[in-house]
Amino acid sequence: MIGRLLAALLFCHGAQAAGVVSLNLCTDQYLVQLAPEQVAALSPLARDPSLSVVAAEAARLPWVRADAEAVLKLAPDWVLAADWGAQTTLQALERRGVRVVRSALPEDFPAIRVETLRLARLLGVEARGVALLAQMDATLAQVVPGPALAATVLEPRGYTAGAGSLADSVLRAAGLRNAGMGRRQDLETLLAHPPALLVMTDAPAYPSLATDFLRHPALARLPTRHLPPASLVCGGPWSADAVRALAP
Amino acid sequence: MIALTATVALGGRPVLHDIAFTAQPGQLVALCGPNGAGKSTLLRALAGLLPGLPGRDPRQVAYLPQGARCAWGLTVAEVAALGRLPHGDAAAAPIARALTLCGLDSLRNARVDRISGGQARRAMLARILATEAPTLLLDEPTADLDPAAAHAIMALLRRLAQAGATVIVVLHALDLARDYADRMVVLQDGRIIADAAPADALPAAARAFGLPVGLDTQPRLLPPAAA
Amino acid sequence: MIRGLAALVLGLTALGLLLGAAGFGLPQSEILWQLRLPRTVLAGLVGAGLGLSGAVLQGGLRNRLADPGLLGIGGGAALGAVVAFYWGLSARFAPALPLGGLAGAGLACAALFALAGRAPSAPSLILAGVALSALASALLALALALAPNPFALAEITFWLMGGLQDRSLDHLALAAPPILLGLILLLRLGPGLDALALGEDVAQSLGRPVGRTLLWAAIGSALAVGAGTAVAGSIGFVGLVVPHLLRPQLGERPAGLLPAAALAGAALLLGADLLARAAPLLLPLSQEPPLGVLTALLGAPFLVRIARQVAP
């Protein structure tokens with residue numbers, strides 16, 4: 001009885017079609033933009049429009065939790081993940097002989113170029129990678145350099161974008177000067193010394209105290225540019241759209 | 001006048017059977033009987049505190065439970081002033097009269113948790129006097145007091161009855177009942193087994209307590225402390 | 001005494017409008033009206049609710065250790081507010097936030113009275129309170145862990161430690177009406193609490209039955225503490241400390257403490273909030289210390305002192 005049950009479980013294991021499993025929100029977006037046809041599963045966050053620029057496509061694709069057993073059941077050709085987070089799961093997969101590719105998530109445009117090409121080659125779709133980058137460079141080239149206005153990227157809980165962060169790279173690419181530089185900013189100091197431009201991402205659907213901070217009525221009078229919430233979460237070819245939205 | 005006709009069961013256990021009780025103004029009635037006879041329950045029923053029985057107007061009936069303690073360090077005057085709560089005022093005159101009657105003038109501002117047990121008991125008594133209710137119900141007001149303090153309280157209650165109050169006191173001490181009460185009601189197993197002048201009711205009370213009959217039943221002279 | 005406390009509250013309120021992260025002095029109008037005003041008034045209101053509720057609970061339960069935080073009422077309020085907030089109820093219907101706090105605090109009150117019985121002795125009451133507090137924080141952590149927002153769990157410190165930084169006029173508008181209503185209800189309980197000083201039978205014989213007094217104490221505390229916690233998180237020890245500070249001056253009569261307890265609670269929380277605001281200006285701190293941490297630093301030694309006095 002138990003033997004038959006086990007056999008049944010083992011069978012449905014091996015029967016799945018192969019492909020690539022991505023376990024990280026950022027690699028999800030690379031995978032969907034580069035090779036949607038190879039997706040075996042994405043992380044559940046990929047379908048969240050407040051976090052992912054490919055939420056619409058991801059909603060039609062399967063998803064899997066970062067759980068070794070759940071991933072093994074899909075029998076993927078290989079697994080795409082970040083070099084942080086869920087490392088015990090990745091090690092368990094590697095021990096079972098699954099190939100794991102880790103991405104050092106890029107935070108500036110040179111690194112985005114390198115990572116896009118590397119992943120495109122791994123997926124065997126180099127031409128698609130080159131096309132995405134060409135599109136990105138065309139968008140970036142539209143930015144007209146102006147006076148380097150002081151801009152503060154205000155993040156939930158009052159944190160500001162630090163040097164070397166994706167938001168910092170986007171600001172510089174848009175010809176702005178990053179005034180926040182990673183300090184935590186309370187509202188009173190911000191109102192007493194307001195920047196020329198306040199950059200905020202639209203609050204995601206979930207309420208939290210951290211994002212409640214961004215809706216404080218006292219901020220309403222400052223010059224503010226809003227970005228779609230998913231635009232500054234992960235660095236990729238799509239980050240050029242955020243630059244275009246901020247450029248004067 | 002206060003009257004009660006009741007059968008009472010607490011927690012499914014019958015405590016009072018077919019009680020018919022009436023007390024008249026000017027009477028000091030002693031409720032006597034062994035432990036568990038139903039004295040305190042009868043007093044609480046008279047006070048309107050038992051569920052299922054009619055409540056009382058708190059301005060008409062003042063009740064002092066057994067061993068009443070104050071949870072806070074109120075002053076003697078503050079305890080007496082609680083007696084005005086049913087009237088919703090803090091009228092100074094009745095409070096001052098009650099304190100004087102109880103001999104507490106010099107202790108008005110002393111905290112009840114820092115004076116002697118007898119003084120604290122008198123403060124509790126001052127509280128029910130300050131209500132100026134025509135009916136006073138007291139449960140063992142003399143328990144644990146030295147004889148002089150006990151006699152002082154009983155003498156005060158007697159004066160109040162003579163002045164027209166209806167005073168009903170649960171008493172363990174048969175000699176105090178004999179010396180001060182106008183009427184003695186003896187309870188046993190939730191029934192009134194005797195209701196008469198103390199001299200006539202004492203034999204029944206002694207039997208109920210399991211004491212040898214033949215106790216001195218003649219009233220004694222009041223001790224000087226109580227006069 | 002009352003006049004002195006009222007003057008203190010006014011003085012601290014003025015200081016509250018003058019002190020902030022932008023420095024000491026009258027700031028630009030936006031900072032004054034949109035940041036410092038709601039924060040200062042909320043500190044006063046939340047503190048008044050906690051102080052008065054502490055005095056009423058101590059009187060009603062005849063227990064010197066009663067405090068809305070220690071007894072789990074603050075925890076219940078935080079739990080209710082968390083559920084209303086992170087599950088998006090308050091995003092669709094703003095008053096759901098204070099209503100959630102009210103519901104949580106009300107449930108905690110009901111559970112407390114049920115657990116401790118009608119004549120709660122000190123140990124049984126405190127044990128019931130400890131059990132309720134532990135249950136409330138466990139459920140709070142569970143609610144945050146299961147909340148649809150993946151970052152919600154990071155905000156547990158606010159709900160456990162409280163804070164008033166960057167609260168807005170919206171928060172004030174949501175919390176003030178229930179807190180004020182709660183304060184009015186609690187202030188009317190003086191005679192009932194006094195009557196309870198001599199026990200439940202005496203209270204009933206004086207025409208103030210214990211059940212009615214405790215019911216209104218629970219409703220008033222739920223309003224005053226629940227709505228305050230919904231916008232400021234749980235702030236402990238104010239309700240415990242305030243009556244103890246007042247008794248040596250005002251005597252022990254519960255009713256005599258009530259108005260002063262509201263004012264002293266307001267003054268205490270205003271002072272603690274000013275301390276929190278001043279700390280980053282005076283010390284090399286990158287952020288304000290949480291308000292609940294400051295009140296706990298103040299209150300915990302107090303609790304030890306009271307426990308030693310109460311111990312047989």
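Q: Where in chain C is Phe237(C) found?
A: Phe237(C) sits in the loop between α11 (210–232) and α12 (238–250) of chain C. Helices here are DSSP runs of H or I with at least four residues, strands are runs of E with at least two, and both are numbered from the N terminus. The model is predicted: local features need pLDDT of at least 70 and side-chain atom pairs count only at pLDDT 80 or more, while totals for chains, interfaces and linings use all residues. Residues are numbered from 1 along each chain as its sequence is written, and chains are lettered from A and ligands numbered from 1 in the order in which they are written.

Q: Why does Phe237(C) count as buried?
A: A residue is buried if 20 or more other C-beta atoms, placed from the backbone, lie within 10 Å of its own, exposed if 12 or fewer, and partly exposed in between. Phe237(C) has 27 C-beta neighbours inside 10 Å, so it counts as buried.

Q: Why is Ala75(A) called partly exposed?
A: Ala75(A) has 16 other C-beta atoms within 10 Å, so it is partly exposed. Ala75(A) lies in the loop between α4 (68–74) and β3 (78–82) of chain A.

Q: What is the phi of Phe237(C), and what is that of Ala75(A)?
A: Most residues other than glycine have a negative phi. Phe237(C), not a glycine, has a positive phi of about 75 degrees. Ala75(A), also not a glycine, has a positive phi of about 45 degrees.

Q: What makes the radius of gyration of chain C agree with a compact globule?
A: The radius is taken over C-alpha atoms, and the globule rule is 2.2 Å times the number of residues to the power 0.38. For 312 residues a compact globule would have a radius near 20 Å; chain C has 19 Å, which agrees. Of these residues, 60% count as buried. Chain C holds 14 helices and 2 strands.

Q: Why is α1(C) called roughly parallel to α13(C)?
A: Helix α1 (residues 2–18) and helix α13 (residues 254–282) of chain C pack at an angle of about 25 degrees, with their axes 9 Å apart. That makes α1(C) roughly parallel to α13(C). Angles under 35 degrees count as roughly parallel, over 145 as roughly antiparallel, 65 to 115 as roughly perpendicular and the rest as oblique. Axes are lines fitted to C-alpha atoms, for helices over the stretch in contact, and angles run from 0 to 180 degrees between N-to-C directions.

Q: Which residues of α1(C) meet α13(C)?
A: Among them are Leu5(C), Leu8(C) and Leu12(C), while the α13(C) side includes Leu263(C), Ala267(C) and Leu270(C). Two residues are in contact if their C-beta atoms, placed from the backbone, lie within 7 Å. By class, the contact has 15 nonpolar, 3 polar and 1 charged residues. Ala, Val, Leu, Ile, Met, Phe, Trp, Tyr, Cys and Pro count as nonpolar, Asp, Glu, Lys and Arg as charged, and the others, Gly among them, as polar.

Q: How many residues of chain C are in contact with chain A?
A: There are 26 from chain C, meeting 17 of chain A. On the chain C side, α2(C) gives the most, with 4 residues. That side has 13 nonpolar, 9 polar and 4 charged residues.

Q: How many residues does the contact take from chain C and from chain B?
A: The contact takes 18 residues from chain C and 17 from chain B. The largest share of the chain C side, 4 residues, comes from α10(C). The residues of that side divide into 7 nonpolar, 5 polar and 6 charged.
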